[in-house]
Amino acid sequence: MAIFNNYDQRKNDHETETIIGPSVKVDGNFKAEGNVTVEGTVHGSLKTNHDLKIGPNAKIKAEVEANNLFLSGEIRGNVKVINKAQLASSAQILGNLETKKLSVEEGAIINGKCTMLSEVAAIENKEAKKNQK
Amino acid sequence: MFYYIYDIFLADKKYSPLLYRIEARLMDLGINGRTEKLTILKSLKEVMGDAVRKGADTIVAVGDDATISKIISLLPDLKVTLGIIPIGKNNKIARILGIPENELACDTISARITERIDLGKANNQYFISSLEIPAQKELIMDCGSYRISPTSENDLVSICNFDTLLSNDSKRASVCNPKDGILEAIVSSSHKNSGFFGNIFKKEYSPDSVFPFKKIKLKCSKECLPIIADGQTTIKTPVTVEVLPKKLKIIVGKNRMF
C-alpha cells in the first residue's frame with residue numbers, strides 16, 4: 001500500500017493524533033485538531049483540518065471533512081477534502097466527493113457526484129472555514 | 001528549604017540501611033533538610049501544611065507511587081516544588097520522570113532540573129499519571145459534541161497524563177506528553193506477553209484508540225463504575241475529568257520520557 005507508506009511519513013508533522021480503534025464507536029459531531037486515523041465506527045460527522053486516514057475495516061456513516069484523505073475503507077456520506085483525496089483499491093464512497101486533487105487505485109468505488117474543486121474554490125473554502133472559527 | 005516526607009512503609013527495619021545511605025548522600029550534596037516520617041497518627045495534610053508554614057519550598061516524597069499519589073492530592077493548593085526519592089517496587093511515575101531509585105535519586109534532586117507539568121482532576125481528586133477504568137460496554141465518554149463507547153469488555157480504558165502502558169523496552173513512542181495541556185483517553189486491547197511464562201501469567205496492553213481532550217465526562221448507563229486514580233484512590237461514576245495545564249512544578253531526571 002504505497003498510499004499508506006506515504007501517509008506514515010507525513011503523519012509525524014502534527015503532534016496530536018486521534019486514533020479511533022476497531023473496538024470503539026464514536027457518535028456525534030467529532031472534530032479533531034490533529035491527524036485522525038479511523039479503524040472503528042463513526043456515526044455523525046467527522047472533521048479535521050489535518051490528515052484523515054480511514055482503514056479497511058472502518059465503518060463510517062458520517063459527513064466527512066479533512067485536509068487530506070487516505071481512504072481504504074467505506075464512507076457512507078458526503079466527503080469534502082480541501083487538498084488531496086487518495087483512494088486505495090478497497091475504498092468505497094457512497095456519497096458525493098469534493099476534492100482539489102484525486103488519486104484513485106484500480107478497484108475503488110465512488111457512488112455519487114465527484115466534484116473537483118479549483119484552486120480558487122479550495123482557498124475560498126479554507127477562508128470560509130477560518131471565518132467560521 | 002527541603003522537606004522530606006517518608007511514607008509509613010519505610011518504618012520497616014529492612015529499609016533502615018537504605019535510609020541511612022540516602023540521608024548521608026543528601027548531607028554530602030548539601031541538600032539535607034527537615035524530615036517528617038508519616039505514621040498512622042500523623043495526617044499528611046497537617047504535615048504538608050506545617051512544611052509550608054515553616055518555609056519549605058521543595059517537598060520531597062520518599063516512597064513509591066502511592067506516596068506521590070497521596071501528596072499530589074494536596075499539593076496543587078500549595079506553592080512548592082515536588083521532588084521524589086523512589087523506594088520500593090511500585091515506581092512507575094518516577095521511571096517516567098527519569099528519576100533513578102534509592103540513593104541515586106539524591107543526585108537528581110541536587111541537579112534540580114524542574115518542569116511544569118499538567119495535572120488531571122477527576123471530580124475533586126487530582127491525579128498525576130492516569131485513571132484506570134474497567135472496560136464495560138455501558139461506559140460512555142462524553143466529550144460534549146460527541147460520545148465515545150468501547151465495544152469490547154476485554155479492553156482497558158485509561159485517562160492518561162503519562163503513558164503508563166509504556167515500558168522501558170517498549171519500541172513504540174509515547175502517546176502522552178504531560179506538558180501539552182491535554183489528557184488522552186486511551187482504549188487498549190490486551191494481548192498476551194510473548195514467551196511461555198508471559199503467556200500464562202502476564203497480560204500486556206497496547207493502545208488501540210487515542211482521544212486527546214481537555215474535558216470529558218465519564219458515565220455508565222447501568223450501575224456506578226469504580227475508577228482508580230493513580231492506582232490508589234477509587235472514584236465512582238459519573239466523573240468529570242479535566243486537565244490543569246502546567247499546575248505542578250516537579251524535579252525530573254535527564255532520562256525522563258517526555
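Q: What does Ile60(A) touch, not counting residues up to four places away in sequence?
A: Ile60(A) touches Val38(A), Val42(A), Leu46(A) and Ile54(A), and also Gly73(A), Glu74(A), Ile75(A), Arg76(A) and Gly77(A). Two residues are in contact if their C-beta atoms, placed from the backbone, lie within 7 Å.

Q: What am I looking at, and how is it numbered?
A: This is a predicted model, in which local features need pLDDT of at least 70 and side-chain atom pairs count only at pLDDT 80 or more, while totals for chains, interfaces and linings use all residues. Residues are numbered from 1 along each chain as its sequence is written, with chains lettered from A and ligands numbered from 1 in the order in which they are written.

Q: Back to Ile60(A): which strand is it found in?
A: Ile60(A) is in strand β6 of chain A, residues 59-71. Helices (H or I, at least four residues) and strands (E, at least two) are DSSP runs, numbered from the N terminus.

Q: Does Ile60(A) count as buried or exposed?
A: Ile60(A) counts as buried because it has 28 C-beta neighbours inside 10 Å. The cut-offs are 20 or more other C-beta atoms within 10 Å for buried, 12 or fewer for exposed, and partly exposed in between, with C-beta atoms placed from the backbone.

Q: Switching to the interface. How many residues of chain B are in contact with chain A?
A: 17 residues of chain B are in contact with 18 residues of chain A. On the chain B side, the elements giving two or more residues are β9 (146-150), β11 (183-192) and β12 (203-213).

Q: Which strand of chain A is joined to β9(B)?
A: Strand β2 of chain A, residues 24-32, runs antiparallel to β9(B), with five bridges between them. Strands pair if DSSP finds at least two bridges between them. Asp27(A) has Arg147(B) as its bridge partner in β9(B).

Q: Now chain B itself. How many helices and strands?
A: Chain B has six helices and 16 strands. Of its 258 residues, 41% are buried.

Q: What does β1(B) pair with?
A: β1(B) is joined to β3(B) (residues 58-63) by five bridges, running parallel. β1(B) also pairs with β2(B) (residues 34-37) in the parallel sense, over four bridges. Tyr6(B) stands opposite Val62(B) in β3(B), and its bridge partner in β2(B) is Lys37(B).

Q: Which helix does the chain cross through from β1(B) to β2(B)?
A: The chain goes through α1(B), and this β-α-β crossover is right-handed. That means that, with the strands pointing away from the viewer, the path from the first strand over the helix to the second runs clockwise.

Q: And β1(B), how many of its residues are buried?
A: Four of the five residues of β1(B), which spans residues 2-6, are buried.

Q: Which residues of α1(B) are buried?
A: Leu19(B), Ile22(B), Arg25(B) and Leu26(B) are buried.

Q: What follows α1(B)?
A: Gly30(B) follows α1(B), and its phi is positive, near 75°.
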